[in-house]
Amino acid sequence: MLYLVRMDVNIPLDMPKERADAIKAEERDYSQQLQRDGRWAHLWRVVGEYSNYSVFDVADNDELHSLLSGLPLFPFMDIKVTPLAKHPSAVE
C-alpha cells in the first residue's frame, strides 16, 4: 500500500545541540535504510520549513505505524498520513 506522509519536525528550542545532532544522525541512518530497502519510496523537503512529504510503500497500516513510531524524531513530529489509491486516469 502507498501512503503520502507529511512530517513536521518541532525539536524543542532548549534541547542541547549535541543531543539534537545525535538524534538527527540516528534519523538519517534509519530513514536511509528504509529508502534503500524500498519502503520509504520518496522523500521531499518542504521549502522554508522543517518538514517533508514522503511516500511509503508498505504492506499495511500497522507496518507504516511501526516504521513511523520508530523514527528517532517521532516524539518531536506532527504527522499526517494519507492512504493512496491508483487513479483511474493514471497511465501506469
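Which exposed residues does the face of α1 turned away from its buried side carry? Point 2 answers this.

1. Basis. This is a predicted model, in which local features need pLDDT of at least 70, side-chain atom pairs count only at pLDDT 80 or more, and totals for chains, interfaces and linings use all residues. Residues are numbered from 1 along each chain as its sequence is written, and side-chain values use heavy atoms, with hydrogens and water left out.

2. Glu18 and Arg36 are the exposed residues carried by the face of α1 turned away from its buried side. Exposed means over 50% relative accessible area, buried under 20%, and partly exposed in between (1.4 Å probe, protein chains only). Helices (H or I, at least four residues) and strands (E, at least two) are DSSP runs, numbered from the N terminus.

3. Helix α1, buried face. Ala20, Ile23, Glu27, Ser31 and Leu34 are buried in α1. Seen down the helix axis, the buried residues of α1 fall within an arc of 65°, so they line one face; the arc is that of the directions from the helix axis to the C-beta atoms. They pack against β2 (40-45), α2 (61-69) and β4 (77-84), where contact means heavy atoms within 4.5 Å.

4. Helix α1, length and end. With 20 residues (17-36), α1 spans 28 Å from its first C-alpha to its last, close to the 28 Å expected at 1.5 Å a residue. The expected span is 1.5 Å times one less than the number of residues.

5. Strands β2 and β3. These two strands pair in the antiparallel sense over five bridges; pairing requires that DSSP finds at least two bridges between the strands. His42 has Val55 in β3 as its bridge partner. Their hairpin has five residues between the strands, and Gly48 there takes a positive phi near 80°.

6. Asn52. This residue belongs to strand β3 (residues 51-57) and counts as buried because its relative accessibility is 12%. Its side chain makes a polar contact with that of Ser54 at 2.7 Å. A polar contact is a pair of N or O atoms within 3.5 Å; within protein, one must be able to donate a hydrogen and the other to accept it, and residues adjacent in sequence count only if both atoms are side-chain atoms. Leaving out residues up to four places away in sequence, Asn52 touches Val5, Arg6, Met7, Leu43, Trp44, Arg45 and Val46.

7. Thr82. Strand β4 contains Thr82, which counts as partly exposed at 33% relative accessibility. Thr82 and Leu4 lie 78 residues apart in sequence, yet 5.1 Å apart in space, C-alpha to C-alpha.
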